[in-house]
Amino acid sequence: MKAIVRTSLILCSSVYVATSLFGFFLFGDKTLDDVLANFDGDLGVPYGSFLTDIVRVSYGIHLILVFPIVFYSLRLNLDVLLFPHAIPLAFDTRRFYLVTTLLMAFIFVGAIFVPSIWDAFQFIGATAAVSAGYIFPAAIALRDTRGVATKKDKLLSWFMIFLAVSCSTVAIFSDLYTVYSNEQVDEKLI
C-alpha cells in the first residue's frame, strides 16, 4: 500500500506542478484562480487545442489516481464511525457494499447538484478547517480518558468549541449569502 500511495502522490503532484507551471507560462498575468478555466477557450498558440486536450486528459488521470486513495480512507473512517463494534470491513462483504454504495450515491448527488466546486470548497473550509483545528483537539481534551486534563483545560476546551462553532456559523452564513446573492445577480442578468 505504501508503494501505491507514494506513486500516486508523486504522479498527482507532478500533474499539479506541470499544470500550474505551464498554465503560468501560457497565460502569465491572466492566469485565473482555477488554472483549468484558462483552457476553455482558444489558446492562440500553435497546437493549442492539442495542448488543451493534454491538460484535460492529465487532470482526468489525476482524478482517477487520487479518488481511490481518498475514498478508501473515507470508507474506512465512516465504517468505524457508524459501526464501531462490528468486525473489520474487509471481512463483511455486505457492509462493505452498503457503505460503498451510500458514499458513491452521496458523491454522485453532490457532483450533480453543487453548482461550482468553489462553492463546495467554501463550505468545506468553513466546517472542516474549524473542526480539525479547534473542535477535534478540544474534544480530545474533554474526553480525557487518562485523567490528565485539569478543570482549566476543560474550560478552555469548551471555550474553543464555542468559539469554533461561532466562527463556523458566521462563515457558513456568509457563504450562503454570497451564493444566494450571486444567484440573484445571475437571474437579473438573464
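1. Two salt bridges turn up in a search of the whole structure, a salt bridge being a side-chain nitrogen of Lys or Arg within 4 Å of a carboxyl oxygen of Asp or Glu. This is a predicted model, in which local features need pLDDT of at least 70 and side-chain atom pairs count only at pLDDT 80 or more, while totals for chains, interfaces and linings use all residues. Residues are numbered from 1 along each chain as its sequence is written, and side-chain values use heavy atoms, with hydrogens and water left out.

2. Arg95 pairs with Asp79, with 2.6 Å between the closest N and O atoms. Helices here are DSSP runs of H or I, at least four residues, numbered from the N terminus.

3. Arg95 also meets Asp92 in a salt bridge, at 3.0 Å from N to O. Asp92 is partly exposed at 22% relative accessibility, whereas Arg95 is buried at 7% and Asp79 is buried at 5%. Buried means under 20% relative accessible area, exposed over 50%, and partly exposed in between (1.4 Å probe, protein chains only).

4. The UniProt annotation "transmembrane region", from an unreviewed entry, covers residues 7-27, 47-74, 95-114, 120-143 and 155-173; positions follow the numbering used here, feature names are shortened, and annotations may be inferred rather than shown by experiment. In the model, residues 47-74 are 96% helix and 0% strand, with end C-alpha atoms 40 Å apart. Residues 120-143 are 100% helix and 0% strand, and their end C-alpha atoms lie 31 Å apart.

Definitions and conventions: Helix = DSSP H or I, 4+ residues; strand = E, 2+ residues; numbered from the N terminus.
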